[in-house]
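Here is a short report for someone meeting this structure for the first time. Please look over the sequence and the structure, then read on.

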Amino acid sequence: MKKYILKTLGIAAIFMIAVACEDATDVVQEGELNEQAAFQSVADLQTGLNGAYAAYGPDFGGNGTGDGIYANAILSDNLKAGQASNGQGAQAYSYIVNFAGGTPSNSIWSNRYATINRVNRVLRAMGNLTFTTQSDINESNHIKGQLLGLRALAHFDLFEYFTVDYQDPNSLAIINVDFVPLTSDTFERNTVAETIAFIKADLEEANTLLDPSNATANTPIFISRDFIKAMQVKLAVDEGSFDAQTMTMANQLLNDYPLANQVQYATMYLDADNTEVIFKLARVNGDNGVGGLFYFNQVMPADGFLEISNQLLNELSELPNDIRRSVNLAPASTIVGLNDPTNELLINKYPGGAGGLQVNDIKLIRASEIQLLKAEMQARNGMLPQAAQTVQDLRDARTGSASPAPNYGSLNVALTDILKERRKEFCFEGKRFLDIKRIGSDIGLGVSRLPADCGTFDAPCDLAVNDFRFTLAIPQAELDGNNAITQNPGY
Amino acid sequence: MKVKNYGLVLVLLFLSVTSSFAQERTITGKITSSEDGLPLPGATVIVKGTTRGQQTDFDGQFSIRASTGETLVFSYVGYQTIEKLIGESSTIDVIMTADNTLDEVVVVAYGNVSSLKRSTAAVGTVKAEILEDRANASALQNLQGQVAGLNIATGSGQPGNDSTIILRGAGSINGNIEPLFIVDGIPVDEDNFRSINPNDIETFSVLKDAGAANIYGNRAANGAIVITTKKGRYNESLKFRYTTAYGNSELQDQPFELTNSTQILQFQRANGAGIGVGLSDAEIAAISSQANTSWTDVFFRTGRTQSHDLTITSGGENSNNFTSLQYFNQDGIFIGSDFQRFSLRNNFNGKTDDDKFNYGFNLSLGFSETNELDNAGSGATFFNPFSAALQGLPYLSVFEADGSQTIDGGITPGDAGAILSNGATNFPYVLLNSIALNTDREEEIKILASLNASWNFAENLYARVQLGADLSTEKRLEILHPNSILGPFQANVIGNQAQFGGIQEETYTRDFRLNVVPSISYSNVFDDKHDVTATAYFEYNRGFLDGLDFDQTGLDPRLLGSGAAFIPGTTTEPNPANGVLVNPYIPVVNSFTSEVGNLSIFGTLDYVYDGKYGISAGIRRDNSFRFIEDNAWGTFWSVAGRWNISDETFMDGSGFDLLKLRASYGISGNDRITGGYYGGLNLTRSLYTAGTGYNGSVSTVVTQLENRTLKWEETTQTNIGVDFAVLDNKLSGSLDVYNKTTDDLFQNNQISLINATPSINSNIGSLVNEGIELSLNYRVLSNDNWKISVNANGSYNENTIEQLPPSTNGLVNTGGSTALGEGQALGSYFLVRYAGVNPSNGNPLFLKADGVTLTETLDAANDRVFIDKSFYPTWQGGFGTNVEHKGFELTTQWSFVADVWLNNLDYADLQEVSVGSVNNGRNRSVTVFNAWQQPGDITDVPRVGSALSSVNYINSTDRYLEDASYLRLRNITFAYNLPSKILENTPISSLRLYLQGENLLTFTKFRGWDPESNFRPTNRGQFPTPKIYTFGATINF
């Protein structure tokens, strides 16, 4: 019997040892980093800011999907199918309603809110830290200023794409997010008035926090007080307030950022000149290549799946010696004839640079945009001759000589001309679709493509003014995950 | 060689006691096999109604104490049991007859064995003997069509490729759906069988129901496949067995016709694009006479297969041994694809004289080398070689001026213009060049080791321990040759402007899994009628995955193959765009490590009453590291029972040799949230990481949002089954019906995008698999001259998603061709219905969601509907025949799947007529000539220049959704066993010659090379399953 007990105990002991093997269930992987450990110093906060900047991507996408730059091109009249096309973008170009994954609606919405989320996480972490030295306090304030500026920028983009009427204060705009959300919560959109107030507040607070003496203030790749000022001008124009204060800010900016001459302009697209760059997104080796929106590999024949539309080329060719034609149209293009279906019109706005064959900085706000906003404000304030002069100044800079002065007989004529000038100036920079939405609705213009262009996709040529599709749909993924939200009309 | 299982014998031996009675005498005798007259060593002799038993020695002799009037029961696995009443004689010789259908050994959980009569579980058993001549590199591929309810889908012709295995339908949406695999007691990686020698396997047992698989608890929610390898036998002389095979493999028949040079040039001319434009008939004829290349013939080839197997078995009084060596080499049918394996296995078993202590040690070493082709299924023109083989244009010549086959088509490396011109027409040359120059190789070393020991430390009490380790190390090497056409494009920043091209990527991984299971068990028989076994187990599981990899861009072609070729990352070159110095050759390096762990305690109870009634029950508590707090522990249980109705007296004379009713019910768990063994390691925690930030800086960003409520996915399964045998056991089979419901499914619960992610992993929803399975075996004839048998199995499985996350409103469609829908089967296509071509203008027509209205506008957002078609089959099975006559054998094995659908992008590409696509550099099916041309044309191909491309049709419409049901002759084997007379004076004891073919015939409606897929929604440029013919010989000496 004793032997029995010993054996039983022996086996029980083996079990006891085995039961002690708790390491099997307390498994924490190497390299797990929680929020508290992630953000402990000003330097950590700076890395958080670096992540927030990196999230913001109007240039993201490729091979038939994309964010703002792609959306504005494919949804408007600046593109036709390229020789290498396998149908990239055909559905969006045809205005087929789709707001699932991979569509512009989904790309823009999720990218901006991802940026905002990163901003708010750094702000939350910052709130849990206390700094004592003056240099730390200044630095963290400067970081916070940039974070708020970025948050304003992301909200502003969302506002422009997803709001039907920028000037109806009670209609729905977007979700204002200044917090880190809980995954279990749902959210309805704020009103236009609330969103505008929200963006303004962020811009104003950012302005007070940004440190003009900080080293980053000297380069346009970081958010500065000038960026804030430019955003305030843009927001004011969207809002419809063309007051003296806005005009003053525009003039200040134009004073500090003169229009580039032809050489500077061309060099700017090689990322080597910042004369008129108020803010640009730095893109370096390893970053998303914006060229991938139009090319499989690089700017070269038979590689572009999207090309410049004949219509845009014709407009770029209107003024002699317009630098914008040579900046936008690659030398390797083949022009057989006017609106010839075999024209191969290669987009050259992103020729690649130091960061790689498809990689270029994204010139987000340039002096010429302020110049044309100024012209628009002048026109809308009834100062038509002044508006004409402002536009002509820009044309003179682009053509390198005095161009014929426009004659604005009416606001309609002025806005039509300004819209056209914006098309030439900002093609493939993420503005055209929004321009037609905002200015086109005032002058009764929608999208009207040449048959030579829309025929390349066998797509509809026109999108009528005020079509519901000028306001993007709230993406399906948001509707799925947030049952409190309201879809835009028409979808 | 007969395959005999020793496990049952061991179990029976535990039951024996040594006490005897006075009036007994010694009965001796010899047991031989009716088949060949040879002695049967290891057969069991038991005095009926007692636990006195013995086993025969290596001469088949036995000697047992028994009394007159008692009955001796002679049994041997795979043979019909014989009973002999003891009369006057003290010598009883017995001739036993093989019986492949009855009372086969059934391997159940944790290495225990039962018999078909006693098992309470739904288990399908395949003896590997019938698979031994087959020529597949992976053992699992041989199983397709063999077991009702089991689907082995490989979907690739790469030798050694992993298969996707589904048992009784897919039981999870995002979690693991494959069964647990156990080899000699060790849980192993279900995705890696290429380094295991198929001929070492003795049996596959497919544990289907909760009663069978629940005991494996946390890992067996999808059932389990228990593999046992061969063993030696005690008291057996040294024996050798050598098998060799040699053969060829080739492409399946091509069920579509491609245009030739003349036709495609005429197509281009007629539609105004490509080099055909403006050519006269004579000019087209001239080009066509120069070249009419079948790129399929260029890329595909006849592959060779060869194998050599040597096994050595021996056994002494207290130990036995099995050793095997194998070399296997198989070419893929696509150039650049091959596989070879060297494997070594040793299985050793030992015991004490009194049988109280037994142990076994199994060690398997496998080394395999696979040369393969990446990018099957990819749309990357210059990287998917299978698309090039299908779609290369015929007017491109494959010959150099001197008549040799080109490897570059005259294209200078780095010449982007030549590569891209005319819609990248030259892409077949690029692929040909890449295959000729590049390297894509995986080398794997796999070690499986297991130790099991059993100690009968006190009367009726046993202690057992099982230790197992599965170690896989893999080295993956990919070199894109700097002198290949694509070589110069690889450098960072400046691409083909850099001085050095090429890229070398190497990945090393080490995967080590450890499993320890001690157990203690009590087993006894009360009053001769109550047979009770109770066992308590503890289980400890760990897995460790480590690895590192690097990508080096910039290789010196003179030094290729070693690190000496790497251009240092510090090297600078001017960027031609702006003259700025850049570093084009900076390597990318990475290192990774993950670990997993589980802890379980569990117990089982088996009770048998009078042999006729049996109940098995199990309960277990599992702890997964993936869950926290109260959710970490899951409780799972099962109950199973049987009633051998045919043993009841009222069934006497009923004609049933066996009629057994089984029922089981149980719950098991799944913690593999994201499917992979090393997936979803810390989803209960919000995590940050450092990454590349803005302007080349370091960033800190959130990577994962926590879900602290994650818990076990639970599968509840009910199974009712019948095992039967009638007509003197000639006809036998099983019928099972089951319902398998998975609750708390791991699903991506959609959340607002303001969380910066569209979804988080959650436990939401449920999924049901319901089905019926039937297996039948019929021995048509069995006499001295002829043995004819047929077998068939089939299953029907209906899969229904019952509940999706509420946020989805019952539909999850991420824009692809399939979607998740409540009330729909998993893998259901969700597409706009194509309604043909509008005769008035040649545009495609579609049905609106209402099913009535025709439209030319493809409105993918609003007109998609579920069309009751899924890429998982509902019907599957197999059937086969076996005929033996005077040493000749003819075996066939067919398999089928039905009601399975596959989107055929390959065929869609061959019918591409969308605007701007005429000169897309790709060949067509001759059916493009059916394209609509003028009003009134009735055709199924829209006009050339219509809006929608092949990808549009595939992603959004059912135009190319094809029935991928097939019936395939998996295997046919013709063999001849030389008569033993001829071999009498040779050292050879038997010699068998055979000829076999894999996949020789396929019947399908699918318009592609191969309808078989591994449950993917779309087929594009995939590696088709080959036909394989081999000739082989097996020699025993």
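Asp271(A) sits in the loop that runs between helix 11 (262–268) and strand 2 (277–281) of chain A. Helices (H or I, at least four residues) and strands (E, at least two) are DSSP runs, numbered from the N terminus. Asp271(A) is not a glycine, yet its phi is positive, about 65°. Most residues other than glycine have a negative phi. Is Asp271(A) buried or exposed? Asp271(A) is buried, with 26 other C-beta atoms within 10 Å. A residue is buried if 20 or more other C-beta atoms lie within 10 Å of its own, exposed if 12 or fewer, and partly exposed in between; C-beta atoms are placed from the backbone.

Tyr95(A) also has a positive phi, near 60°, and is a residue other than glycine. Its place is the loop between helix 5 (90–93) and helix 6 (104–127) of chain A. Tyr95(A) is partly exposed, with 16 other C-beta atoms within 10 Å.

## How to read the model

This is a predicted model: local features need pLDDT of at least 70, side-chain atom pairs count only at pLDDT 80 or more, and totals for chains, interfaces and linings use all residues. Residues are numbered from 1 along each chain as its sequence is written, while chains are lettered from A and ligands numbered from 1 in the order in which they are written.

## Chain A as a whole

Chain A has 19 helices and 6 strands. Its C-alpha trace spans about 115 × 55 × 45 Å along the principal axes. The chain has 491 residues, and 55% of them count as buried. Take the contacts in chain A between residues at least 6 apart in sequence: 69% of these join residues at least 24 apart. Two residues are in contact if their C-beta atoms, placed from the backbone, lie within 7 Å.

## A helix pair in chain A

Helix 14 (residues 367–380) and helix 16 (residues 411–426) of chain A pack at about 170°, and their axes are 10 Å apart. Axes are lines fitted to C-alpha atoms, for helices over the stretch in contact, and angles run from 0 to 180 degrees between N-to-C directions. Helix 14 and helix 16 of chain A are therefore roughly antiparallel to each other. Angles under 35 degrees count as roughly parallel, over 145 as roughly antiparallel, 65 to 115 as roughly perpendicular and the rest as oblique.

Helix 14 of chain A brings residues including Leu372(A), Ala375(A) and Glu376(A) to the contact. Among those they meet in helix 16 of chain A are Leu415(A), Ile418(A) and Arg422(A). By class, this contact of helix 14 with helix 16 of chain A has 7 nonpolar, 1 polar and 5 charged residues. Ala, Val, Leu, Ile, Met, Phe, Trp, Tyr, Cys and Pro count as nonpolar, Asp, Glu, Lys and Arg as charged, and the others, Gly among them, as polar.

## A helix pair in chain B

Helix 3 and helix 4 of chain B pack at about 140°, with axes 9 Å apart. They are therefore oblique to each other. In helix 3 of chain B, Ser261(B), Thr262(B), Leu265(B) and Gln266(B) meet Ile284(B), Ala285(B), Ile287(B) and Ser288(B) in helix 4 of chain B. By class, the contact of helix 3 with helix 4 of chain B has 4 nonpolar, 4 polar and no charged residues.

Helix 3 of chain B covers residues 261–271, and its buried residues include Ile264(B), Leu265(B) and Phe267(B). Helix 4 (281–290) of chain B is part of what covers the buried residues of helix 3. Gly272(B) follows helix 3 of chain B, and its phi is positive, near 70°.

## Strands in chain B

In chain B, 4 strands form an open antiparallel sheet in the order 3-2-5-6. Strand 3 (53–55) and strand 6 (82–85) of chain B stand at the edges, each with a single partner strand, so one side of each has no neighbour in the sheet. The twist averages 20° from one strand to the next. Strand 5 (residues 71–75) and strand 6 of chain B pair antiparallel over 4 bridges. Two strands pair if DSSP finds at least two bridges between them. Thr71(B) has Leu85(B), in strand 6 of chain B, as its bridge partner.

Strand 18 of chain B pairs antiparallel with strand 19 (residues 319–331) of chain B over 11 bridges. These two strands of chain B form a hairpin with 3 residues between them.
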